[in-house]
Amino acid sequence: MPTITYVLKDGNTKTVAAANGKTLMEVAIAGNVRGIDAECGGCCSCATCHVYIDEAWLDMLPTPDEMEDELLEGVAAARTDFSRLSCQIVISDALDGMVVRVPEKQG
Amino acid sequence: MADLVIIGASYAGTQLALAARANGFAGNITMVGDEPHPPYQRPPLSKAFLRNEVDASSLPLQSPERFAEERITLRTGVTALRIEREGRKVELSDGSEIGYAHLAFTTGARCRTLTCEGAGLGNVHYLRNLADACAIRDAASRSRTAVVIGGGFIGLEVAAALRTLGVEVAVVEMQDRLLQRAVPPLISTFLMRAHAHQGVRFHLSSRVRRLLGHGSVEAIELESGEVIAADMVVAGLGVVPNVELAQACGLVVDNGIVVDRYARTSDPRIVAAGDCAAYPNPWLNAVGQGVGPDRCMRVESIQSANDLARVAAATLAGRATPYEAVPWFWSDQYGYKLQMAGASTGHEQIVLRGDMESGKFTALYLRDGTLIGADTVNRPIDHLAARRLIAARVRPDPMALQDESIPLKSLAAA
């Protein structure tokens, strides 16, 4: 089972086992990772599950679709080249060990 | 003695519990829910869950670990039967009692049901909770034809999901257009075309006379006499707020449990939030004809549940701040994401941004020159910008609003 490491707002990290096929957002909620609000429940509607993907893993992800790209323009923390919505990223073995950082705010 | 007892364990209850802790509330918190599950996400129930794209394991709203860390005791599968306000205690269906210093009603709402002949036949469904969604998904796998009664959000999302699963769908709606209470005619028309394009048949301005069948539903008969075959029926007729418990203990109830802008009921120890609460919403009331700013209304949405619950939690923690959030809501149907912000009723002018034919556009609603609402289709960037502009009560130049070369958010200072 792949593991994902979340870097929290306070700098601490939390490593969570992630089932393939779940989203990065679902894994965060199930793993009690603070700072990912996901108010719309993963429907790509609210821009409150923003994360920064570690540089080493960014290229392994499919690029955001048009809807995600637009929503990223509305995230509460700064959008960077590493910004993604965690509800749109599906876990696979290839992402085992991925590191993502939780932004300072979501809403 | 438990300090805060929350009756109802969905969005409002969960948010209230977590926000009370975030506000420094130190006492015990107990949340009582009548469903067997811990709190879960409901939007997917009429969307990806019905389409078999996610299962129940994806739905938890928070992890059990989070509730434990926050010292929130969750009691599921238990119903609150009676509130004794003088003794400050709640009687539960398992025979136990919990005392409270503060009480919160987040009891939600239940589906309005059919009352016509045949309403009790098998395979007649409503959609509110996980069990309902499982039953609909199961019925869909065995059905060739379905009739959806009600052209509101639930009806249309279920219609879209059933079409995606290959079921033939007819939608019956009493009004002469879809989503009549929620959106202006141009959005109704757009969505109806989208559904028609997917093969959904519509019966507008139509009432159901009765359901026909032997044991299980087989067809519905309209008032016009027309009969439509249906292996299954899903009725989305709106909801009735769960206010009986509040009413029985003497709280003021008028459609919902009446609260002020601080989420306080008529008893200072008791707050309410979510679909069961009626509160003065500054954004929705200001636009109604002849409606004063203090009129209470229920708002059925996750945004309202979360934001009013945060207000209630702050009130309980002694940091009362009034409800001020701009309402927003969304619906996914086929590849279209409809997002609504603010109010569309009471507008005097509609400005269209983008081309409706492209399936990607924004309708902006103005009253007295002020932006009061916006509906977007596949334009999340405009939706998010519009929420901020509505909150800032901007008076934008309509020409600038419709000019797609000008980002909406740049109009904040207008």
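User: In this predicted model, which residue in S2(B) is the bridge partner of Ile7(B)?

Analyst: The bridge partner of Ile7(B) in S2(B) is Val32(B).

User: What makes strand S1 and strand S2 of chain B a pair?

Analyst: Strands count as paired if DSSP finds at least two bridges between them; strand S1 (residues 4–7) and strand S2 (residues 29–33) of chain B are joined in the parallel sense over four bridges, and therefore they meet the requirement of at least two.

User: Why are strand S3 and strand S20 of chain B said to stand at the edges?

Analyst: The open sheet has five strands in the order S3-S2-S1-S7-S20 (chain B), paired in parallel. Strand S3 (72–76) and strand S20 (270–272) of chain B each have a single partner strand, so one side of each lacks a neighbour in the sheet. From one strand to the next, the twist averages 20 degrees.

User: What does helix H8 of chain B touch when it packs on the sheet?

Analyst: Helix H8 (residues 302–316) of chain B touches S1, strand S7 (102–105) and S20 of chain B, and the direction of H8 makes about 165 degrees with that of S20(B).

User: How do you know whether the radius of gyration of chain B agrees with that of a compact globule?

Analyst: For 414 residues, a compact globule would have a radius of gyration near 22 Å, and chain B has 22 Å, so the value agrees with the rule. The C-alpha atoms of chain B fill a box of roughly 60 × 60 × 40 Å along the principal axes.

User: What percentage of the residues in chain B is called buried?

Analyst: With burial requiring 20 or more other C-beta atoms within 10 Å of a residue's own, buried residues make up 48% of the 414 residues in chain B.

Key:
Residues are numbered from 1 along each chain as its sequence is written. Chains are lettered from A and ligands numbered from 1 in the order in which they are written. This is a predicted model: local features need pLDDT of at least 70, side-chain atom pairs count only at pLDDT 80 or more; totals for chains, interfaces and linings use all residues. Helices (H or I, at least four residues) and strands (E, at least two) are DSSP runs, numbered from the N terminus. Axes are lines fitted to C-alpha atoms, for helices over the stretch in contact, and angles run from 0 to 180 degrees between N-to-C directions. Two residues are in contact if their C-beta atoms, placed from the backbone, lie within 7 Å. The radius of gyration is taken over C-alpha atoms; the globule rule is 2.2 Å times the number of residues to the power 0.38. A residue is buried if 20 or more other C-beta atoms lie within 10 Å of its own, exposed if 12 or fewer, and partly exposed in between; C-beta atoms are placed from the backbone.
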